[in-house]
Amino acid sequence: MSSVRIFTLYERFWHWSQAVLIFGLLLTGLELHGSHGLLGYNTAFSTHIILAWGLIVLWAFTIFWHVVTGEWRQYVPTHRGMLAVMMYYAYGIFSGEAKPYTQTPSSKHNPLQRMAYFSFKVAIAPALWISGLLLLFYAAWRGTALEGLVSFATVAYVHVAATFALLVFILGHVYMAGTTGDPWYAYLKSMFTGKKEGRSDSH
C-alpha cells in the first residue's frame with residue numbers, strides 16, 4: 001500500500017498538544033461553572049489558568065511557525081472546488097461517489113476545511129484569547145475607560161459563547177474525521193504517523 005507524508009512532526013505535535021490543552025480547559029471551565037466537582041474550585045481555577053497560558057504560548061509559536069514555513073497558505077479560503085465538496089458531503093458521500101478532493105503535502109485541506117479552520121483562527125481563537133485575558137486581568141482595567149465600553153459580564157458572555165463555538169467546532173471535526181475516512185480510523189492514524197495511506201483522501 002502506497003503512502004504519502006502529509007503532516008510534519010511539528011503539525012502532529014501541535015494538533016495533539018492543542019487537543020490535550022483544549023479538553024483540559026473545557027473540563028476545568030465546566031467545573032468553574034458548577035457543572036461538576038472533580039478537582040475542586042480552587043484547583044480547577046489554577047489549572048484552567050496554567051492550561052490557558054500553555055495554549056496561548058502554543059498558539060503564538062504556531063503562528064510564528066506558519067509564517068516562517070509558509071504553511072499559513074493551507075488555511076486561506078478558496079471558492080475553487082467548494083461546490084463539489086459541499087455536494088459530496090450533502091449527497092455523494094451517501095451514494096458512494098469518489099471524493100472530489102485529493103489531499104497532498106502542498107494542499108492538505110479541502111475548500112470546506114479551509115473555511116472552517118480559517119473561521120477558527122480569525123474568530124473563535126481570538127475571541128477566547130482576548131476575552132480570557134480580559135477576565136484574568138480584570139483588576140487592571142476595572143474602573144478605566146475600557147470598562148465603560150465593555151462590562152465584565154459582557155466579556156464573560158463572549159468567553160462562554162466562544163467556548164461553545166469551539167465545542168461545536170470540535171464535535172464537527174471529530175465527526176467528520178471518524179465518518180469519512182477509509183477505513184474509519186484513517187485520519188486518526190494519519191495524525192499519528194503523518195502519512196496518508198491507500199485511498200484515504202481529505203475529509
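Figure 1. The largest pocket has a volume of about 900 Å³, taken as the space filled by probe spheres set on grid points joined across faces, edges and corners. A pocket here is an open set of points on a 1 Å grid over the protein atoms alone, where a 1.4 Å probe fits, with protein on both sides within 12 Å along at least five of seven lines; lining residues have an atom within 4 Å of a point. Gly29, His48, Leu135, His159 and Thr163 are the closest to the centre among the 31 lining residues. Helix α2 gives the most to the lining, nine residues; helices are DSSP runs (H or I, at least four residues) numbered from the N terminus. The lining has 24 nonpolar, seven polar and no charged residues.

**Figure 2. Second largest pocket.** This pocket holds about 780 Å³ of space. Of its 32 lining residues, His15, Gln18, Tyr117, His173 and Met191 lie nearest the centre. Helices α1, α4, α7 and α8 (186-193) each give two or more residues to the lining, and α1 supplies the largest share, eight residues. By class, 19 are nonpolar, 10 polar and three charged.

**Figure 3. Largest nonpolar core.** The core contains 21 residues, with Leu55, Phe120 and Leu166 having the most contacts inside it. Such a core is a set of buried Ala, Val, Leu, Ile, Met, Phe, Trp, Tyr and Cys residues joined through side-chain atoms within 4.5 Å; buried means under 20% relative accessible area, exposed over 50%, and partly exposed in between (1.4 Å probe, protein chains only). Helix α1 provides the largest share of this core, six residues. Leu55 touches Gln18, Leu21, Ile22 and Leu25, leaving out residues up to four places away in sequence (contact: heavy atoms within 4.5 Å).

**Figure 4. Salt-bridge network of Glu11, Glu71 and Lys108.** A salt bridge has a side-chain nitrogen of Lys or Arg within 4 Å of a carboxyl oxygen of Asp or Glu. Lys108 pairs with Glu11 (2.7 Å, N to O) and with Glu71 (3.1 Å, N to O). Glu71 lies in the loop between α2 and α3 and Lys108 in the loop between α3 and α4, so this pair ties together parts 37 residues apart in sequence. Both Lys108 and Glu11 are buried.

**Notes.** Residues are numbered from 1 along each chain as its sequence is written, and side-chain values use heavy atoms, without hydrogens and water. In this predicted model, local features need pLDDT of at least 70 and side-chain atom pairs count only at pLDDT 80 or more, whereas totals for chains, interfaces and linings use all residues.

Key:
Nonpolar A, V, L, I, M, F, W, Y, C, P; charged D, E, K, R; others polar.
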